[in-house]
Amino acid sequence: TRTGDQASRTAVTGYSWRLGRYNIKFQYRHNAPADRRIDPSPSNIIDVYVLEKAYADDYVAWIRDYTGTVTEPTAPSTESLRNSFSDLENYRMISDLIIYSSAVFKPLFGAKADSNLQANFVVVKKAGVVVSDSEVKSQVIAKINDYFNVDNWDFGETFYFTDLATYLHTELNTIISSVHLVPTSTGQVYGDLQQIRCQPNEILTSAATVLDVVVVTNLTNTILNVGRSS
């Protein structure tokens, strides 16, 4: 112990020691049992992205609602996903660690999408067709929703407008002549959203409603520049 500048030492009793053998060679071997690991810490981290059907249905209902009466659902937590898919733990190695994460939707076109992904669908109605503009808008949105059905998409998949346009032309060839995707952001021009990528944990979906469809009888530069008729 030390007090001030003076130090004192106290002998410790109750211990014994012996002089060991000198210059001996020693080799230590340890074999772990077959069902044990010397270092049980996980060395493989596996990220699993999960899209629960209940959450997907609730999200799609919210993203396509334009009345403001549907509340945006909350994505399931990592813990709830782990509990729901606990059977997967039976298939992992002892060195594996599974991290459960909910899928993230990436909405396109509508008001609930990011501003740089918002756009109008400019549709040229077929000449001589006796159908209202409202009916054209409804049918276009219905087909867009079918195209973006979650079962048709995988994580990280890229959107190509040419594919969507071909699908709409095929399905609605009796009432429309052409369809064009026109960005509504002032910093973008016609053609900027022809291809849209997403992250490996994201799934694309459409937020477009009938409010995002413009029906015209012919195209002009003004319409393609602003996405709406004058």
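Guide: What follows describes one tyrosine and its ring partners, Y55 with Y59 and F105. This is a predicted model, in which local features need pLDDT of at least 70 and side-chain atom pairs count only at pLDDT 80 or more, while totals for chains, interfaces and linings use all residues. Residues are numbered from 1 along each chain as its sequence is written, and side-chain values use heavy atoms, with hydrogens and water left out.

Rings of Phe, Tyr and Trp (its six-membered ring) pair if their centres lie within 6.5 Å; planes under 30 degrees apart are called stacked, over 60 edge-to-face, and the rest tilted. By this rule there are 13 aromatic pairs. One of them joins Y55 and Y59, whose ring centres are 6.0 Å apart with planes at 50°, so this pair is tilted. Both residues lie in helix α1 (residues 53-63), and because they are four residues apart, about one helical turn separates them. Helices here are DSSP runs (H or I, at least four residues), as are strands (E, at least two), numbered from the N terminus.

Y55 is buried at 10% relative accessibility, and Y59 is buried at 6%; buried means under 20% relative accessible area, with a 1.4 Å probe and protein chains only. Y55 also pairs with F105, again tilted, at 6.1 Å centre to centre and 45° between the planes. F105 belongs to strand β5 (residues 104-108), so its pair with Y55 of helix α1 ties together parts 50 residues apart in sequence. F105 is buried as well, with a relative accessible area of 8%.

Note on methods:
Buried < 20%, exposed > 50% of the residue type's maximum accessible area, 1.4 Å probe, protein only.
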